[in-house]
Amino acid sequence: MRLEPIANPSPVRRLGLPVLALVATLGVAMLLALVAGANPFAVLGQIATGALGSRLAVLETLNRATPLIFTGLAVAVAFRAKLWNIGAEAQLYAGAIMAVVLGTGALGSPWVLPVSALAAMLGGAALLLGPVLLKTRLGVDEVVTTLLLNFIMLLFVSYLLEGPMKDPGGMGWPKSTPLIPEARLPRIVDGLRLHWGFALAILAAVVVWVIQTRTTLGFEIRAVGQNPEAARFAGMPVNVVLVKTALLSGGLAALAGWSEVAGLKGHLSSDLSPGFGYTGIIVAMLALLHPLGVVVTAIFVAGIFVGSDAMSRAAGVPTYIADMLLATALLFMVLAILLTKVRVVRG
Amino acid sequence: MTPGRTEAEVVLRLDGITKRFGALTANDAVSLTLRRGEVVALLGENGAGKTTLMNILFGHYVADAGEVEVFGQPLPPGNPRAALASGVGMVHQHFTLAGNLTVLDNIRLGTEGLWSRSYGGAREKVERLSRDFGLAVHPDAKVGRLSVGERQRVEILKALYRDARVLILDEPTAVLTPQESEALFATLRKATALGLSVIFISHKLHEVMAIADRCVVLRHGRVVGEVDTHATDKGALAALMVGGELSLPRAEAREPGAVLLRLEGVSTPGRGAAPGLQAVTLELRAGQITGLAGVSGNGQAALAEIVGGLALPASGRILVKDTPVTRWTPGEALARGVARIPEDRHHQGSIADFDLTENAVLEAYRTRFSQRGWMNWRAARGFAEEIISRYDVRCPGPSTRIRLLSGGNMQKLILGRAMAGGPKAVGPTIILANQPVRGLDVGAIAYVQGQLIAARDRGAAVLLISEDLDEIMGLSDVIHVMSEGRLSPAFARGTMAARDLGLWMAGQKFEDAHAA
Amino acid sequence: MSEIIDILLSASFWAAVIRIASPLILATMGELICERAGVLNLGIEGIMVIGAFTGWMAVYQGMPLWGGVAVAMAAGMLFGLLHSTLTVPFGLSQHVVGLGVTLFATASASFAYRLMLPEVTSPPKIDPFRPLDIPILSDLPWLGEALFSQTALTWAAFAVAGIVALMLYRTPLGLAVRAVGENPAAVEAQGLSVTGLRMGAVIVGSGLMAVGGAFLTLSAFSSFFFEMVNGRGWICVALVVFGAWKPGKALLGAILFAAFDALQIRLQQTELGVVLPYQLFLALPFILSILALILMSRRAEVPAALMVPYNKGER
């Protein structure tokens, strides 16, 4: 077989195939439910109600979506430049650490939130700077270095929680001193369990979208990602663009950790993120790397997680079905995107 | 004409081969026969369908219609292995060699069953073939370190090692000096004397006349003529090949102006097999086309990088209008009026999935199409539309992705972008044209060359780099030759014969000049 | 300092080094085969998880230990088939597909574990491979304990390294694999199938990765935990670079790496372990991997066509 580019893919092809990928994922979900001995339609229904069936469920889904929007944006920005940042997990924790460092009394009230947010972004950006410089200077593959940094970061957090940041009142649980009230993100509406982090995440998506479509930096990021050789030939500072991209990407991922600590948990613990950094890759790919699409897919992915939790309690299908579905969706989606651009021909 | 040749056994028959790529018909009912011991030339312009036809024969593509017969047996389509087994060997235009492996490994790759344990007598056979066909090359050398001519010998040995009875050579002389081409022809004559048959793909008329017995001419995917080379001449072949459509522009001599760009003793480090520049001194004058001839891979790329702002010399100076430059980047070169037409329009000159607007502003988006970091897409689009209309870029509109354009239209957009003059909207004063017409059809070639001449007549200094001697001799006011990173003195147009140019290209004259 | 020398001289240290190196050797050889053929397989981490889980589960369900190894290998090859189908004929991004395969394989193992053992709180143990008693050699003083008290799976790991080296450098198949990682067009022009060679390499390589994972459950720990692979796959990717894509050097790299790992475990029991946080010791393997990548960045001879998909007939 051979792949032949399609000159002008029809809208049916461009939209139909990604939809087909999602439908195929649903098919896999039903198959897994059958394997687990449950009624496939009931399982799908329970996932849907678990995610969106009540006001509480919706708020839980949106809360879960918040860090995913940030990590999804981080990945979308980086992948656009073909900078393979798989280290959003570590950058998330860098942001969380900053939230604790500045939010536990080191800083007075009016400034603490904006300053800690900025510090978080700087922390995340700094963490990605190393791998990107190793890539531009020495040609070291950033996938492996960012992956390895995730493990180092988790151990560092574990060290902080047992040492310098340990909560004296934590009764042996590995968690940090809680944030002072001024350092907490308030709720958007009183009484509803949804914090301003969600609104900030949407704002971030809009900002990223504006950067990508309206600014010279966005133009450069896309050019470097599509064809670094042509970008260099045209006079773009390719390495500088990659570094700027890394700073933006690392900063966005760090905001995920910052908003989880400042908005939701109020303290740092080593289970702060159940893999939000890795899930961000799925969120970004499902959104075809479009920043506004990331908001939609992050809510979708969060809904699958929240819904699967609820479904698992009711139907007895392991909650890991959510991880399987998302990995399946990712693989189906990359194949679908390819097939919108090429057709498979004989010979 | 040797009596009996027409009665010699038919070794290869292509019958009614048709191949379409989307709307393009690359081969339209092409038929061809090849007999034992003869050389048939397949002649045609770029894009005439020569390479497609041979890729079908060799099983890289499957034809939509038609049949291939080798030694009377039908050849199953789409199967290179079957083609090899039937005795067809192909020497591709772009060599298919693994650089990190030895000559011997490259030759015996795939010749034994994958599950067998070892090779018997491979080295002896390679050494014997080298001797018999005059193809000297060391079996244990890494291919990555060989010269282009040596690599071609490895390619031919690969085919001979598999006992090929039919050799197909796709534009084999494109990368050779005239003298190396002579050596290749000697090898081919030995091969036909031993009963092999050869298909020789080319668009160079004098070579076809020199080596082929018969010539099949392709135009727009169709066979437009089949002639005995002993019974024809270059003019007749040329008319068949281009269909008498167009004659290429020839530049008339003109009085040169001031020196606009000067390289003084510029040297650069080599990169792998590619040599760096060795103390190159070059002057580009206003109102003059300076042609740079040479076999590809002799430092032209390094020189183009220096002129285009992509590299800094390790030693030596660059002077623009008598001012030495200190910072030298693509942006700086553009700002000083250097326009660049890159060698590789697909990988360097354009971004395939960007639309025409985005490609048009690639070099000037910072200075002319944005304010304080915000893109001015309205102005960018207007600029693209201007290029499209002024340079006759055939396309649905400025939002078309550039990958959908033909090579010629793509090149016109790049040309228009370059002529619009980078950061400032004044025309360029120095133009670097690196292989500007490679792979284009005749009409586009005439257009691009005409634009270069027009720019010269407006007073621009043009550096034309090409491997095609005819192009260099037809357009240049002065000619330099490069060999292994060294630059020959300048020769005024018409003062040197092709044969002498060949000796410079082979490096021979550099040695003579050094000794003298 | 004298403590370090004591550790280095103890036979149990070297026995541990070889034990720790075994899964790394198997998975590194698997990754090396993939990369020599031109495919970066980032599915390695998840494929090791699948190997650890399926091998263990097969034995827990009553299969013999070697049966468990075979099941793990088959499962790994299945995921290799998935990876290579997407990356070779379809030419999809090897980064994205590799991570997708890792996520998918890891989730599959977790899902299947919960499905098959819904009630258990701690995973059941199996009877693992025992150290082989080799006549004479195992009874040698010091050497017997240091080198010759290993399980059959360890011996298999070292044998695999030798076989991979022989295959790559001494057989027509190995030549074809090396060539397809250098220039697939050369392979196709010689009548061999680029797709077949690359997919075959990824499938076999993935099988080896899975056996490396199975080593953890069948020979090292006798039980399955969710986090047990814990980045070993990524370390193996670094080891391939460190070994300059050569089996011999990669083997030495794995042993060197295991030596550092065994050393840090022992150093935690010394005074250093009191002064320094234990997390620093645990992070050492990851820090070393990054250092190894930096060290080899300029020197290594990368297969020229690594991560470059090949589409027939495209120029």
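These exercises with worked solutions cover a predicted model.

Residues are numbered from 1 along each chain as its sequence is written, while chains are lettered from A and ligands numbered from 1 in the order in which they are written. Because the model is predicted, local features need pLDDT of at least 70 and side-chain atom pairs count only at pLDDT 80 or more, while totals for chains, interfaces and linings use all residues.

**Exercise 1. Describe the overall build of chain C.**

Step 1. Take the secondary structure. Chain C has 14 helices and zero strands. Helices (H or I, at least four residues) and strands (E, at least two) are DSSP runs, numbered from the N terminus.

Step 2. Check the radius of gyration, which is taken over C-alpha atoms. The globule rule is 2.2 Å times the number of residues to the power 0.38. For 315 residues, a compact globule would come near 20 Å; chain C has 20 Å, so the two agree.

Step 3. Along the principal axes, the C-alpha atoms of chain C fill roughly 60 × 50 × 45 Å.

Step 4. Look at burial. A residue is buried if 20 or more other C-beta atoms lie within 10 Å of its own, exposed if 12 or fewer, and partly exposed in between; C-beta atoms are placed from the backbone. In chain C, 56% of the 315 residues count as buried.

**Exercise 2. Explain why helix 11 of chain C is largely enclosed by the rest of the structure.**

Step 1. Count. Eleven of the eleven residues of helix 11 of chain C are buried, so the rest of the structure largely encloses this helix.

Step 2. Name some of them. The buried residues include C:R232, C:W234 and C:F242.

Step 3. Find the cover. It includes helix 6 (142-162) of chain A. From chain C come helix 2 (11-36), helix 3 (44-60), helix 12 (247-267) and helix 14.

Step 4. Just after helix 11 of chain C, C:A244 takes a positive phi of about 50 degrees.

**Exercise 3. Work out which elements of chain C touch chain A.**

Step 1. Count the contacts. Two residues are in contact if their C-beta atoms, placed from the backbone, lie within 7 Å. Here 39 residues of chain C meet 37 residues of chain A.

Step 2. List the elements. Helix 5 (94-116), helix 11 (232-242) and helix 14 (278-296) of chain C each give two or more residues to this side. Helix 5 of chain C gives the most, with 13 residues.

Step 3. Sort by class. The side of chain C has 24 nonpolar, twelve polar and three charged residues. Ala, Val, Leu, Ile, Met, Phe, Trp, Tyr, Cys and Pro count as nonpolar, Asp, Glu, Lys and Arg as charged, and the others, Gly among them, as polar.

**Exercise 4. Place A:F332 in chain A.**

Step 1. Find its element. A:F332 sits in helix 13 (residues 321-341) of chain A.

Step 2. A:F332 counts as buried because it has 22 C-beta neighbours inside 10 Å.

Step 3. List contacts. Leaving aside neighbours within four places in sequence, A:F332 is in contact with A:A21, A:A24 and A:T25.

**Exercise 5. Find the edges of the open sheet in chain B.**

Step 1. Read the order. Four strands run 2-1-4-5, with antiparallel pairing. Two strands pair if DSSP finds at least two bridges between them.

Step 2. Pick the edges. Strand 2 (24-35) and strand 5 (73-74) of chain B each have a single partner strand, so one side of each lacks a neighbour in the sheet.

Step 3. Check one pair. Two bridges join strand 4 (residues 65-70) of chain B to strand 5 of chain B.
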